[in-house]
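Dear colleague,

Please find below the structure that I am handing over to you, together with its sequence. My findings follow directly after it.

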Amino acid sequence: MSEYYFVFCSFDFEWFAKSLNKIISSEFASRALSLIWKQDKCFDYATILFNYLYPKVKDEFKYHFDFASYFGLGFHQEFKNDEKVLKWAENMSNDISSEKIIYLSKIVAETTKKTVSEYFSFLINKGISVEIFKELHDEPQITTYSGSHVPQIEKRIGFWNDILNGIENKIKSREIVCYINERVQRLKNSIEETKIEENLREY
């Protein structure tokens, strides 16, 4: 369905915006939009989709909760599009004081940790406030792992350190730097506690 959907859109670009109300309300929405990043005009499609969904997030919970899934990422992602998603999100982040940034982060969070850390560093370098930064989404909507939780904690530490390494002026961004350092320290402290808990569960 997704291939045919964008074939129709390629003949009449304006039809994409006109069709969204019907597509989004259908059970095939995520599938229909799953190839959005493969299109030549993917930035235009993504922007139209974002501007269609964003006004609805405060009134309808499903749009808030499923926001990122409509962009063909996460479990719906059929091929990697991290570079395109990052570039588009950066282009959309002109107003870093807007709550829209939080929803852009929901979308970027469905890509790799490397992409998310680059986006966060980008926002910090643009001067995002610590208040909005704390509300950004850094985890995909659905995460799975097996085995010890310790490697996951270590990955989280690496993720936050990557963001720190991407900050151009740590003095100017000292509030966010302090916040990240506190998160890293809490994660480090939790490693030993997690090891003890996991060892106890084995007996």
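**Findings**

The protein chain contains 11 helices and zero strands. Read along the sequence, its pattern is accordingly α-α-α-α-α-α-α-α-α-α-α. Please note that this is a predicted model, and that every value below was computed from it.

As to overall dimensions, the C-alpha atoms of the protein chain occupy a box of roughly 60 × 45 × 30 Å along the principal axes. Of the 203 residues in the protein chain, 44% are buried. The chain exposes about 11800 Å², and carbon and sulfur atoms account for 51% of that area.

One residue deserves a separate paragraph. S98 is located in the loop between α6 (82-91) and α7 (100-108). Is S98 buried or exposed? The relative accessible area of S98 is 16%; because the cut-off for a buried residue is under 20%, S98 counts as buried. The side chain of S98 also reaches the backbone nitrogen of K100, at 3.0 Å. That distance falls within the 3.5 Å limit for a polar contact.

Yours sincerely

Technical notes: Residues are numbered from 1 along each chain as its sequence is written. This is a predicted model: local features need pLDDT of at least 70, side-chain atom pairs count only at pLDDT 80 or more; totals for chains, interfaces and linings use all residues. Side-chain values use heavy atoms; hydrogens and water are left out. Helices (H or I, at least four residues) and strands (E, at least two) are DSSP runs, numbered from the N terminus. Buried means under 20% relative accessible area, exposed over 50%, partly exposed in between (1.4 Å probe, protein chains only). A polar contact is a pair of N or O atoms within 3.5 Å; within protein, one must be able to donate a hydrogen and the other to accept it, and residues adjacent in sequence count only if both atoms are side-chain atoms. Accessible areas come from the Shrake-Rupley method with a 1.4 Å probe; for residues, only the protein chains shown count as cover.
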